[in-house]
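Biologist: I'm new to this structure and would rather get to know one part well than skim the whole thing. Could you pick a helix and walk me through how it sits among its neighbours?

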Amino acid sequence: MRYNKTLNQWNFTLGDYKAKVTVPHTWNVDDEVMTHRGKATYETSVFIEEEYKDKCIFLQFNAVYHSAKIYINNSYVKEHSRSGFTPFKVDITDFVYFDKDNIIKVEVDNEKSDNMLPHSGDFDWADDGGIIRRVELQIREKDCIEYMHISEDISAIKNNTASGMLSIKTNINKPKKICVYDYMTGEKVIESESLNIPFENLKLWSCYSPNLYIVTLETDNDLLEERIGIRKIETKGEKVYLNGKELYLKGCEWMPGSHPDFGMAEPLDISIKHLKQLKAAGCVFTRFHWQQDSTLFDWCDENGLLVQEEIPYWGYPKQATPLQLDIAKQQADEMIYYHFNHPSVVCWGVGNELGAETQETINYVKDIYKYIKDKDSRRLVNYVSNTLSRVENIEKDDATLHGDIAMWNDYLGLWEPSDNIPEHMIRTCKKAEGMPLLVSEFGLCEPHFKGGDTERARILRERLEMYEKISNICGYMWFSLNDYRTHCGEEGENKLRRRVHGSTDLYANEKPSYRLLYKLQKE
């Protein structure tokens, strides 16, 4: 048996301020307490029937930013820390009462911290505190199916179909039955009792044909289903290939959590509005600077939008220590565990703008690259650099050259001065010769740089013309789709503090540069 109950009504306390709130929630968009950085408390109750006395009982939090201490009936159960955007599960079986209400209390803290990623205040998005994603009570059998990770090994591709082997990793040694169903038609296409299942002529998942399948694993007293797509992402030389076909990764990055009414507790329908804008503009690829909810990846799975999901190690410390590596491993474990089966997630990102010419950062990228590849070899692993193009580093190694795709943030003539941008760009791209190079950011940030959206549009047109002429550029990422809320923004205050970096505003209203992006990517 499987019983799930969403817990969305909570009592919220911050000092003398008390309110009834609906989770997902962040206090940093509430007028009375929006400036608070530190601790707050959420409390709710749930009745658990006597019939569940011999079951396992869990709370699943899809994200709490950034640290959470969980109490059941005034007993401390667990703390989750060092990661504010990844899901986690808490076993509360030994702490609950039956046939009566159970009090659940969560102490949340969003104070700056050196012992987490993102580090302290060294990141460029909102630091909204709270239970920012869904919470669910889960009741399971003691010998339940805990998880099912499904890998495809494709041996042959023909006419947009594939043959090969499905391998299932789970805590169950011998399933009763495994079935594979076509997601659209419901037709059963495979039935097996083995965790290694040969398949023939299953439809491929791609940006343009996002075909999906449902896999069910059944035991005598449990059944778990997961949705998958059959696809293969790889690099060869200077190109990226999806299902054996060269793919140019044209894209744009969206910064979630930017609607001032909701912040990081943004409802799914608002998030989908942004994702639809990306897809409508011809994007096939996007990246998230920090981990997102599975519901977003569900949409990307269904609509064929490729994603790089990233560990939010941004900016500092420039020289990674064993602590940052250890935290990155924790977050990688949680990302991989919860998002393994999403075909849209084709890359894991391990950091952004960390002083990539230093040996400490190079070593960090090498270490976390190997750690992730050992757990998930079906995806690419990349690091995003802002040092690849620096004149003083032209003869130096760079951490991004130790990923599967070299990723470079191109702000030549802006954050990085340049007397001759075309020549500077060619010299930079030559440094990554022999491997794919993706321009992972380019754009215009106001008011630090002048010219407004007219200048933004000019940069967009100019850069796309340049990128098309360089052979090892395998794609680009316009930054960004939207103006975005950030605790370090140059414009606005409190919940309206933002960076004006987007082709839409905080409310997703489109500027002329969005319409130009739409036009250029559709050509």
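Predicted model: local features only at pLDDT ≥ 70, side-chain atom pairs only at ≥ 80, totals over all residues.

Modeller: Helix α5 runs over residues 421-431. At its start, Asn-420 sends a side-chain oxygen to within 3.2 Å of the backbone nitrogen of Glu-423. Now for what's tucked away: the buried residues of α5 are Ile-421, His-424, Met-425, Thr-428, Cys-429 and Lys-431. They sit on the same side of the helix, because the arc they cover around the axis is only 145°. The spacing has a simple background: an α-helix has 3.6 residues a turn, so residues three or four places apart point the same way. Turn to the other side of α5 and you'll find Ile-426 and Lys-430, both exposed. So what lies over the buried residues? The cover includes the strands β26 (406-409), β27 (437-442) and β28 (473-479), along with helix α6 (452-467).

Now hop over to helix α2, residues 294-303. Its buried residues are Ser-294, Leu-296, Phe-297, Trp-299, Cys-300 and Asp-301. These pack against the helices α1 (268-280) and α3 (322-339), and also against the strands β17 (223-228), β22 (285-288), β23 (306-310) and β24 (345-352). After α2 comes Gly-304, which has a positive phi, near 75°.

Note on methods
Residues numbered from 1 in each chain as written. Heavy atoms only, no water. Buried < 20%, exposed > 50% of the residue type's maximum accessible area, 1.4 Å probe, protein only. Helix = DSSP H or I, 4+ residues; strand = E, 2+ residues; numbered from the N terminus. Contact = heavy atoms within 4.5 Å. Arc of directions from axis to C-beta. Polar contact = N/O pair within 3.5 Å; in protein donor to acceptor, adjacent residues only side chain to side chain.
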